[in-house]
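Please read the notes below alongside the sequence and the model.

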Amino acid sequence: MEDRVPVLAVSHFTKTFGEKRAVDDVSLAVMPGDIYGFVGHNGAGKTTLIRSIVGVAGFDGGTINIEGMSVVDQPIAVKRITAYVPDNPDVYDFLTGIQYLDYIADIFEVPAAVRRERIERYADKLSLTSALGDLISSYSHGMKQKVVLIGALLHEPKLLVLDEPFVGLDPEASYTLKGLMRELTERGSAIFFSSHVLEVVEKLCNKVAIIKAGKLIVDGSTEQIVGDKSLEDVFLGLGK
Ligand SMILES: Nc1ncnc2c1ncn2[C@@H]1O[C@H](COP(=O)(O)OP(=O)(O)OP(=O)(O)O)[C@@H](O)[C@H]1O
């Protein structure tokens with residue numbers, strides 16, 4: 001029996017759009033140190049759950065707690081310890097990269113010396129340093145994703161939520177991101193992310209959940225779920 005408080009606890013989550021039940025009675029727990037992969041077909045309900053976890057959309061039933069705090073009742077407190085990178089980062093185009101990062105660091109009250117060190121380190125790792133002075137409107141999709149990722153890491157979130165983080169990143173940036181994700185969880189934070197890249201999920205995640213047509217059909221340790229198969233075999237097998 002696990003006696004630690006989950007970083008993220010989703011319990012009997014349900015969300016409908018009109019007549020359609022997009023997510024139906026989903027429960028899962030993400031513990032400190034977990035890299036938790038959330039996989040499912042197009043339209044299965046991944047983004048719907050993610051948007052409710054990070055508080056940009058409401059829901060109809062169940063609860064979502066982050067470090068024991070309800071996202072509904074304590075929205076500000078949970079946002080302080082959470083970071084979210086959406087699948088299509090829509091960043092302030094009229095700011096430069098460094099202005100955007102300073103703005104995020106101000107919101108999260110990251111002290112000046114700490115923010116400088118983190119921005120330098122992450123921008124260097126993601127090869128974005130030389131573009132930080134440029135307007136975000138001039139960035140490519142991947143560069144926008146990188147600047148949002150750096151912003152998400154600036155306050156050392158306890159919970160990092162990513163929607164399809166590897167789409168649009170070049171191989172080097174994907175490799176770097178995997179390293180940054182591992183580093184963050186080694187420091188006790190947790191990561192919950194959706195992905196269609198099953199090879200990455202299988203290698204990177206210690207836990208995985210598979211959602212199908214709004215229902216969670218498998219969740220738990222990647223090792224146990226995969227066994228002597230591959231995650232792709234398991235996933236495709238469930239589709240039959
Ligand atoms: N704003 C909305 N209004 C009506 N239906 C919606 C809305 N958002 C999502 N849905 C429906 O809810 C279901 C789940 O969608 P969701 O975006 O969560 O899927 P997903 O698993 O993230 O898919 P993908 O892998 O394609 O991103 C789909 O049937 C979708 O059509």
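1. The chain is assigned domain 1 (1-81 + 158-240) and domain 2 (89-156); such bounds come from an automatic or database domain assignment. The centres of the two domains, taken over C-alpha atoms, are 24 Å apart.

2. This is a predicted model, in which local features need pLDDT of at least 70, side-chain atom pairs count only at pLDDT 80 or more, and totals for chains, interfaces and linings use all residues. Residues are numbered from 1 along each chain as its sequence is written.

3. Ten residues of domain 1 contact ten residues of domain 2 (contact: C-beta atoms, placed from the backbone, within 7 Å). On the side of domain 1 that touches domain 2, helix 6 (residues 171-186) gives the largest share, five residues. Helices are DSSP runs of H or I with at least four residues, strands are runs of E with at least two, and both are numbered from the N terminus. By class, this side of domain 1 has six nonpolar, three polar and one charged residues (nonpolar: Ala, Val, Leu, Ile, Met, Phe, Trp, Tyr, Cys and Pro; charged: Asp, Glu, Lys and Arg; polar: the others, Gly among them).

4. How do helix 5 (residues 141-153) and helix 6 cross? Their axes come within 12 Å and cross at roughly 10 degrees. Axes are lines fitted to C-alpha atoms, for helices over the stretch in contact, with angles from 0 to 180 degrees between N-to-C directions. Helix 5 and helix 6 are therefore roughly parallel, a term for angles under 35 degrees.

5. In this pair, G142, K146, L149 and L153 of helix 5 meet A173, L177, L180 and L184 of helix 6. The contact has six nonpolar, one polar and one charged residues.

6. Around the ligand are F17, A22, G40, N42, G43, A44, G45, K46, T47 and T48 (C-beta atom, placed from the backbone, within 6 Å of the molecule). Helix 1 (residues 46-53) supplies the largest share of this shell, three residues. The shell divides into three nonpolar, six polar and one charged residues.

Terms used:
Contact = placed C-beta atoms within 7 Å. Parallel < 35°, antiparallel > 145°, perpendicular 65-115°, else oblique.
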